[in-house]
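Colleague: Please take me through this model, setting each value against the definition that lies behind it.

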Amino acid sequence: MDKIIVHGGRSLSGTVKISGSKNSALPILAATLLTREPCIIHSVPDLSDIHYMLQILSHLGAQVERASGTVTIQADKVSTVAPYEIVRKMRASVCVLGPLLGRHKEARVSLPGGCVIGDRPIDLHLKGFRALNAACRVEAGDVKVFADELRGATVDLEGRQGPTVLGTGNVMMAATLAEGVTVIEGAAAEPEVVDLANFLGKMGAKIEGAGTRRITIEGVKELHGAEHSVIPDRIEAGTFLVAAALAGREVTLRRVNAEHLNAVTNAISDAGFRLHIQRDSITVFGNGSSLPVHLITEPYPGFPTDMQAQMCALLSRANGESSVTETVFPQRFMHVSELKRMGADIALEGATARINGVARLSGAPVMASDLRASAALVLAGLVADGTTEVNRVYHIDRGYESIDEKLMGLGAEIERVKNQL
Ligand code: EPZ
């Protein structure tokens, strides 16, 4: 397994280009199953999670071609069974259920396992499919959904922990080809849901209200091919904003959608950093030390759970005590024990991390666990004394396109050591 070695103490400056959004591209690639016509998707990031999704689509029988950031997919004749050996690598594979159910009225996909950030149930996805008149069964580790015909319905998809992003996308995709009108109450309002709805609209779907908690879908007979560019990745952008706040002199992010980052830029300016924000670029003026802040992760437009670990790294060096409360994935604190090995002073109280800022962090060998925790450890390594070795960087490669090269381009002293085995 590769590792990333970060030599702390270098300051960052310059410009970095943000890639297309992983969490937008994944459901949009799955949505191409809704038509037999070719679809062309631009700004698809080069990530292992995307590679797994393209593997699943090919396995289902779609023709898939990739030329740098553009993917062309034609799902003319496809099977409806996505097997365990591919699905187990990425739980977001679950978002092929909706399009397969919509177009073929049946699908069989391995149940996604849990992961280090917590149990990853799909009960709300199935609640939505059942509302559309589909039967859902779990058999031998697979989830099977099927319907004689899909009928539009009103369904509330809000769960105990709030709305479901992929669940909203899955049910929205199935509903595009149902008879009649579907209303999703308690829908997720994330920009990635809006991007998916915009792509479905280009395919001929009739969707209103994406980006609000109430989405209305009027079913149509069939959908046609379409061309679309994926929105910029707001979590990659937020990660680089934190890198710049921690270690930057002056860093500019290009190809961002600043509107999608309001909660993150507000948190970073509350922490005492100056930002220059334009529609598609943001400049951060790092000054090394941050003020303490108190954060709660919430569904969009609140502070995103996917930025929680990165903020813990930033606040580890704040002048005072901060708190970070996780309401979406209450167990999502795998990064805390590793940050503490680097000298951070963090105490976990249930779903709240109390962070006492320290003047210095020290480099150490640390273990990556989940995608965003791993990124947080790289960020901490940028300002730690000495060298930080982040192992199991395959976690990072799932969601960040060449993070080491992009940081190197900003002046970080960072290298990737290929596993010799
Ligand atoms: C998406 O996951 C993202 N992944 C996650 O990003 C992100 O953290 C999450 O949304 C929340 O914003 C992709 O888009 C590929 P949820 P998703 O369904 O849709 C509970 C990353 O780092 N829930 O919105 O799977 C669930 O347990 C990844 O890029 C149910 O109870 O998350 C959680 O507590 C990590 N039943 C909450 O809802 C369900 O049927 C939100 O989950 C579904 C979810």
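Modeller: I start with residue classes: Ala, Val, Leu, Ile, Met, Phe, Trp, Tyr, Cys and Pro count as nonpolar, Asp, Glu, Lys and Arg as charged, and the others, Gly among them, as polar. This is a predicted model, in which local features need pLDDT of at least 70 and side-chain atom pairs count only at pLDDT 80 or more, whereas totals for chains, interfaces and linings use all residues. Residues are numbered from 1 along each chain as its sequence is written, and side-chain values use heavy atoms, with hydrogens and water left out.

Colleague: How does the lining of the second largest pocket divide by class?

Modeller: The lining of the second largest pocket has six nonpolar, four polar and eight charged residues.

Colleague: Why are α5 and α6 called roughly parallel to each other?

Modeller: The axes of helix α5 (residues 123–131) and helix α6 (residues 165–175) come within 8 Å and cross at roughly 20°. Angles under 35 degrees count as roughly parallel, and α5 and α6 are therefore roughly parallel to each other. In their contact (heavy atoms within 4.5 Å), His-125, Gly-128 and Phe-129 of α5 meet Leu-166, Gly-167, Asn-170, Val-171 and Ala-174 of α6. By class, the contact of α5 with α6 comprises four nonpolar, four polar and no charged residues.

Colleague: What makes α8 and α10 roughly parallel to each other?

Modeller: Helix α8 (residues 234–247) and helix α10 (residues 308–315) pack at an angle of about 5°, their axes being 10 Å apart, and by the cut-off already given α8 and α10 are therefore roughly parallel to each other. On the α8 side are Ile-235, Thr-239, Val-242, Ala-245 and Leu-246, which meet Gln-310, Met-311, Ala-313 and Leu-314 in α10. The contact of α8 with α10 divides into seven nonpolar, two polar and no charged residues.

Colleague: Which peptide bond is cis, and where is Pro-301 placed?

Modeller: The peptide bond from Tyr-300 to Pro-301 is cis, with omega near 10°, and Pro-301 is in the loop between β18 (294–296) and α10.

Colleague: What is the phi of Ser-68?

Modeller: Ser-68, although not a glycine, has a positive phi of about 45°, and Ser-68 lies in the loop between β4 (63–67) and β5 (70–74).

Definitions and conventions. Axes fitted to C-alpha atoms, helices over the stretch in contact; angles between N-to-C directions. Helix = DSSP H or I, 4+ residues; strand = E, 2+ residues; numbered from the N terminus. Parallel < 35°, antiparallel > 145°, perpendicular 65-115°, else oblique.
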